[in-house]
Amino acid sequence: MRQQQQLKAAAQKQQMQHVQQIGARAQCQQQRTQGWQWVEQRLEPRRDVAQRQKQRQAAENRVWPKPPRQPADLPLFPLGPEELATLDYLQARVRMSEAEAEQALARMCTLYETRQQRTRRLVFSFEKQVKPTIEYLAGLPGLNLKQCISAYPTILVKGMVSELDRRLLRLRNRLGLTAAECSKLLSKSPHTLLTGDLDGRIFPFLDGLEALGFSREEVKAMVLRVSTLLLFSVGKLHDRVAWLKGLGMSLDDVRAVVWKFPTVVCHTSSNCEACLQWMQQLGVPREECAIIIRRLPPVITYSAQKRARFLDFMRDEVGLDDAGIARILRHTPDTLGRAVERLRHNLVQLEAFGMNPDQIRRLVVTNPSVLRMDISSPTYRNKLKYLQEELQVEDPVDAVVSCPFYLSYRLDRIVLRAEYLKAIGASYTSIAAWLAMSERRFCEKWAGTSVAQFRAWAAEWQHSPQGRHWLQLASERNSLMHTRRVLLEAAADAASDKEARVEMEEAAAEAAEHARRHREAQRLFQRQAARAAEERKGQHSREQLRLEQLEEELQRQAAQVEQSAQHWEQQAERLLRLARTAAGEQEPLTEQAAI
């Protein structure tokens, strides 16, 4: 009996709430209609009755834009003078469209009270709040005014100009921001700068980053790159650092992870542990999981659905078992970060090249990065073209499977080494062997020469028609790559060129020493020849003949030594010229890479 009464009372209460909701909506509709009548009477009194009636009918059917993450039955308020002035000013000063201005106004003047489960209208002044704030923001250098107000329109009514200026000044002094950088940060995250607790949350978090070993400039760079960092507490940062250290990471590794992916601090331990367990189920040891996370920090943010799609693709379409998938994760973890559709496209291109499923599986297991390569792109198409045309490989598919890392090497490395081996008459059939060697080992062990000789030949060959053609194709690859990758490779090339330049200078010094010794020998032979000519005078005919032959022999040896000396002098001069040329070409790249 008691339960029936409770159910009846609950039903009556629910029915009463429904009736009240219907009445509230009807009242809002009436207020909206009255608001539009007021607007028509005040702003457009000369319109004819038919047109005004048509406008009013459209207004009644119009849906007022609602702020995101707010209830669907948000009450609609009539437009007053302050709202109308704000709408006009947003369109005229901020360059918003009518729909964008209405959306911003709706979010700006409507407050949702969570505890009371109701909304109320925010009363504001256009002249005292909205207009001064817009003018202040417009005066900040480099600020994207439209982006800032669209992201957080409440800044126009909540942030007084003096308070906003004070907060920005404190943040600028703390991070060492310029005016333009501060404006950039405000454009991306106005809510954080306006409502964030500087002393209780933001500044302690920045102190926590510096305690990890980041410099002030590095902290500033991270905040400018990911402005949402200022939303997190220092406690979350400490929890994430402790979790990463628990995997066996050193402080340097933790710092590298946070630098690559600063938002790692916002993810909960449950998400991180779920990703860790997923990798361990595939057979990846826990200590290697730390290596994967260090190389690809966003892996801990991937959803279970994304991981499941990746596994289905690897198992069903590529034909790999869990051991093969674990190998891919260990060696090229960013493959997991690629969209499955993109990986499927690359797989189709390998099949179009002529590979069967077994060859693809063998290639992927040996070189896991192959799945990230689109061999239909110019970068890889040029490598396959050189393989067929210049190296004259009969079966390119078998050659790529036999040398799985051929596609991973740069085209200029392949071309220069192959053409050098052709020039000196050495064997170039074992592609995998001479490509995998370091430059010094390639020159000394495979070619039987030196790095200086190889660089000297390359400096001359690159000006030939064939060299210009292939090196031009190799340089086109840089236009398709990320700037940071290009600069890293430029820095590595600069270091290698510097080492080769030092070796060329040493070889030039050695050649100059050889030339000096040959010159000394030449002068010695010339002196001995002159002495023999002096001794020949006044001697018997037989002795004169012997001395004459000795003189001719000494002159011949002096001439040979002179030729050798000239050769070594030319070699020394050539090596020094190449070393200076390489230094002049690499200095700009080195400076750019350092920047």
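User: Is Cys272 buried or exposed, and at what relative accessibility?

Analyst: In this predicted model, local features need pLDDT of at least 70 and side-chain atom pairs count only at pLDDT 80 or more, while totals for chains, interfaces and linings use all residues. Residues are numbered from 1 along each chain as its sequence is written, and side-chain values use heavy atoms, with hydrogens and water left out. Buried means under 20% relative accessible area, exposed over 50%, and partly exposed in between, with a 1.4 Å probe and protein chains only. Cys272 therefore counts as buried, at a relative accessibility of 1%.

User: Which residues is Cys272 in contact with, leaving aside its neighbours within four places in sequence?

Analyst: Cys272 lies in helix 15; helices (H or I, at least four residues) and strands (E, at least two) are DSSP runs numbered from the N terminus. With contact taken as heavy atoms within 4.5 Å, the partners of Cys272 are Arg240, Trp243, His267 and Ile300.

User: Which helices do the buried residues of helix 13 pack against?

Analyst: The buried residues of helix 13 are Leu237, Arg240, Val241, Trp243 and Leu244. Seen down the helix axis, they fall within an arc of 160°, so they line one face of helix 13; the arc is that of the directions from the axis to the C-beta atoms. These buried residues pack against helix 11 (198-211), helix 14 (251-260), helix 15 (269-281) and helix 16 (286-295).

User: Which residue with positive phi follows helix 17, and near what value is its phi?

Analyst: Helix 13 is followed by Gly248, with a positive phi near 105°. Helix 17 is followed by Gly319, whose positive phi is near 85°.

User: How many disulfides does the model contain?

Analyst: A disulfide is counted as a pair of cysteine sulfur atoms within 2.5 Å. By this rule the count is zero. Cys275 is in no disulfide, and the nearest cysteine sulfur, that of Cys272, is 7.8 Å away. Cys289 is likewise in no disulfide, its nearest cysteine sulfur being that of Cys275 at 7.8 Å, and the number of disulfides is zero.

User: Over which residues does pLDDT stay under 50 while the model has 39 contacts beyond four places in sequence?

Analyst: pLDDT is the predictor's confidence in each residue, from 0 to 100. The protein chain has a mean pLDDT of 75, and 67% of its residues reach 70 or more. Where pLDDT is low, the predicted coordinates should not be read in detail. The stretch asked for is residues 59-76.
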